[in-house]
Amino acid sequence: MAYPHSTYTTARALTYSYIHIPPQSPNTQYILFLHGFPSTSHDWRHQISFFVAKGYGILAPDLLGFGETSKPSELEMYRGEGMARDIVEIMVSEGVGVVVGVAHDWGSFLLSRLANYHPERFSAYAFIDHGYGAPGRSLTPDVIQHIDSSVQAKLGFSIFGYFLFFNEEDAAKLLDEHVSSFQTLQILTCQTLTTLQSESVESLYFATDSEINKKYKGAPGGFRTWLTEGKTADLPAYLTSEVKFLAVMHGVSAYMEQDHKHYQHAFSFEKGGYGPAINWYRAVLRNINKEDEKNDEYGVDNGREAETL
């Protein structure tokens with residue numbers, strides 16, 4: 001189900017697009033959903049439907065650089081403290097008080113900073129895929145290479161090659177140029193066999209084959225090879241199953257609109273491509289949060305380890 005979006009322009013002159021649904025039952029809280037990469041608030045649609053049916057309030061923004069939200073090119077705009085302040089401004093504008101924070105991937109980084117800077121706004125936190133990230137522990141290239149060396153020595157493969165690729169100057173250009181590296185999916189509808197095209201970037205990010213992930217996502221230079229050679233992989237069962245269900249129930253156009261077409265639109269060249277979204281990676285790799293996260297109040301003092309929640 002598609003939900004209407006509202007917009008709000010923050011004090012930093014950034015316009016956020018978000019889903020806002022007030023609670024429908026007494027004594028139910030708001031849930032704040034924060035997505036990751038490569039995603040938008042659309043990815044929370046099933047969870048939103050589930051919790052709305054139980055009466056919960058929902059706040060689910062397209063995060064900075066994604067979807068219909070502003071996409072600044074300046075790296076400084078992606079500081080954790082500033083983005084956390086943006087989210088709180090939206091909450092205040094909508095009269096949202098205390099929430100349960102639910103985050104995935106880069107959303108977990110932002111939820112961590114919301115927990116540090118605005119803990120009074122939260123009753124609970126749920127981190128998916130990535131746990132709480134303490135301030136002062138930025139994944140700089142040196143840290144990435146140290147982790148990869150350790151993993152390589154113990155397990156025989158690397159895991160952060162794609163981080164380093166996203167930090168390269170031509171990464172956004174390559175990502176945008178290869179959105180037309182297509183995969184063919186055969187979807188059997190009630191009476192029609194329809195061909196859909198899936199982007200190379202999308203198929204790698206949702207690949208379930210661990211060997212593909214090791215070779216092309218984790219290994220240094222792998223992501224670049226995947227793109228320049230136009231490689232693709234099968235989409236996972238949870239996506240293809242949804243395709244078949246929607247095709248039977250509503251026709252292929254329903255899937256095209258709700259899933260693959262949404263993804264294509266969200267990261268199309270006309271919408272700014274991948275450059276703004278990968279600024280989340282570049283901001284951390286280039287340690288732009290260093291000064292903000294030195295403050296003892298948030299658990300860091302001159303490089304000492306932060307306390308975890």
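Q: What makes two aromatic rings a pair in this predicted model?
A: Rings of Phe, Tyr and Trp (its six-membered ring) pair if their centres lie within 6.5 Å; planes under 30 degrees apart count as stacked, over 60 as edge-to-face and the rest as tilted. A search of the whole structure on this basis finds 30 aromatic pairs. The model is predicted: local features need pLDDT of at least 70, side-chain atom pairs count only at pLDDT 80 or more, and totals for chains, interfaces and linings use all residues. Residues are numbered from 1 along each chain as its sequence is written, and side-chain values use heavy atoms, with hydrogens and water left out.

Q: How do you know whether Phe 37 is buried or exposed?
A: Buried means under 20% relative accessible area, exposed over 50%, and partly exposed in between (1.4 Å probe, protein chains only). Phe 37 has a relative accessible area of 4%, so Phe 37 is buried. Phe 267, at 3%, is likewise buried.

Q: Why is Arg 79 said to form a salt bridge with Asp 292?
A: A salt bridge is a side-chain nitrogen of Lys or Arg within 4 Å of a carboxyl oxygen of Asp or Glu. The closest N and O atoms of Arg 79 and Asp 292 are 2.8 Å apart, so the pair meets this rule. Arg 79 lies in the loop between β4 (57–61) and α2 (80–93) and Asp 292 in the segment after α13, so the bridge ties together parts that are 213 residues apart in sequence. Both residues belong to a network of salt bridges that also links Glu 76, Glu 81 and Arg 85.

Q: What makes Asp 292 partly exposed?
A: Its relative accessibility is 22%, which falls between the 20% and 50% limits, so Asp 292 counts as partly exposed. Arg 79, at 16%, is buried.

Methods
Helix = DSSP H or I, 4+ residues; strand = E, 2+ residues; numbered from the N terminus.
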